[in-house]
Amino acid sequence: MCGIVGYVGYRKAVPVLLHGLQRLEYRGYDSAGIAVLDSEKKKIVVEKQVGKIKDLQEHLWGKDINGNIGIAHTRWATHGPPSIENAHPHTSQKDEFAVVHNGIIENYAQLKEELIKKGYVFKSQTDTEVVAHLLEEYYQDNLLNTVLKIAKMIEGAYAIGIISTLEPDKIVALRKGSPLIVGLGENENFIASDIPAVLEYTKKFITLDDEEIAVITKDKVEIYNIKGEKVEKKPFTVNWDIAAAEKGGYKHFMLKEIYEQPKTITDTISGFFSDLNNPVYKEMKNIESIVIIACGTSYHAGLVGKFWIEKYAKIPVIVDYASEFRYRDFPVNEKTLVIAISQSGETADTRFAAIDAKKKGAKVLSIVNVVGSSLSRESDFVIYTYCGPEIGVAATKTFTAQLVTLFLFAVKSGFERGYISQEDFEKIHHDVNSLPSLVNEVLKEDKNIENISYKYHNAKDFLFLGRGINYPIAFEGALKLKEISYIHAEGYPAGEMKHGPIALIDETLPVVCIIPKDSLYEKMISNIQEVKARKGIVIAVTDSEDKEVVSLSDNIIKIPSVKNENLYPILSVIPLQLLAYHIATILGKDVDQPRNLAKTVTVE
């Protein structure tokens, strides 16, 4: 949620800040603003606007705002509704400090009350404004020391950027529980919530850890811990091209990312096999149980992963919502492996649940897409997916990469535990290598899926059904449709249909049935017959050409057959991504930035 950009260097700050905010639009927001420090006049110029970045740009049109240092922000309303007053940046009473903030300050009400008693007047309803006034209240000739002091006073999760007329050559940034990176340039440096914000200026970054503070000028970056001790941080270099964060001729990022899946699957397979000496595999011989924790789409990946791990590694697996796992007293120990799945590696619920499990003695393996993310650094082991930046809020390419990673992890673990022979391991490797070309075959159904979308885009409800390893894909298909089209949709294991959902079926309800020619094919045929007996509309996702499927289905979306039926989920989800995309675009929805959603949820 929210986005932070900061710049200090030789360029005019305003264009850099605005470009950075545009790169962070995928995070979800309702207002935006910038604060630029004019060092000659020793004045902070603040401009804010409710709405999109383009509204802020139009507001700034023709205004000559000088200054080579500034901070900017896109806000997601928490404390107080979207408004100019509540938009960031916030300034102190004497306008000597400007602050941007992601996260939640949990004790802001108490701090606010104390500041009001001291004569401070609040202009907004936000928790953030207390930080600006605290800086003014406690400043004594050194901004770093002031930040160290107030960092011990504020409670909660936060990433904060600060500029001040009193020390007009620097940005001070602090982080606890909310992501913040420092970009390193030549005679310029940056802060940002995420790498794409400043990727066109630098590929060298430092990730701030919790309770670390960065003091940034155009010439240097110094990192301190909460005790004021200097910390040496090793920069890392990203191999993304800026083009990876651009649409590349596609109408939307989501469509581009759907079509990138052959490449991202290829890269993830290559990355996995280059890391076969990962120490987690030696640990697998000692593991007696596995708990997978995740949220949203990553949770659905975990549900599929459960099938694979239990099949190949012969270890019992529990899959739980990270937001629920940490609030129940689940027994784990040193023989438990907790697999935490998060695209960003910053998802608050998943991170905190993993940390809690680790404190209880469990080993933690994270599956993440972002190198250097908080979760990856807090885990005992990490396996990366190799997707590059995913800008669309609705996850697509990162989901299939998570599936590929979980599948390969299960197979490799089974090999290490002696349940899979070398010959079988190599055969499965060969099967997996065929996935990118098979995904390309699925993408050829795009026009057919678009035509189906035109037929049913006015439906008020959808039902998605699957059996066995494909039922989590029904969950994911329903989630995708809900996320970007705002149509009510439910996913169910098809065997559960008779236990309630069958009451919903009538001639107006499209039912998407995932029915590959696998060991549960006949069972799914029976479920489709039950749908048709109640006049439901059947959209079949299948590789079968049996007359029975053809006669029972109102619409068919073809997927290619695979030798290993365990790989069907990776193929069957892609038509569901395209179905959601086309229905949403036909309805005129903003598929890349759906309402009320954020790419990275960094608060509980």
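Which residues of helix α11 are buried? Before you look, note that this is a predicted model, where local features need pLDDT of at least 70, side-chain atom pairs count only at pLDDT 80 or more, and totals for chains, interfaces and linings use all residues. Residues are numbered from 1 along each chain as its sequence is written, and side-chain values use heavy atoms, leaving out hydrogens and water.

**Stop one: helix α11.** Select residues 348–359, a helix of 12 residues. Helices here are DSSP runs of H or I with at least four residues, strands are runs of E with at least two, and both are numbered from the N terminus. From first C-alpha to last, α11 reaches 17 Å, close to the 16 Å expected at 1.5 Å a residue (1.5 Å times one less than the number of residues). Its buried residues are Ala348, Asp349, Thr350, Arg351, Phe352, Ala353, Ala354 and Ala357; buried means under 20% relative accessible area, with a 1.4 Å probe and protein chains only. They pack against several elements, including β8 (171–176) and β19 (363–368). After α11 comes glycine 361, with a positive phi near 110°.

**Stop two: β16 and β17.** Now select 289–294 and 317–321, strands that pair in the parallel sense over five bridges (pairing takes at least two DSSP bridges). Look for isoleucine 290, opposite valine 317 in β17.

**Stop three: asparagine 107.** Finally, go to the loop between β6 (97–105) and α3 (108–117), where asparagine 107 sits. Asparagine 107 is buried, with a relative accessible area of 8%. Leaving aside residues up to four places away in sequence, asparagine 107 touches Met153, Ile154 and Glu155, where contact means heavy atoms within 4.5 Å.

Technical notes:
Buried < 20%, exposed > 50% of the residue type's maximum accessible area, 1.4 Å probe, protein only.
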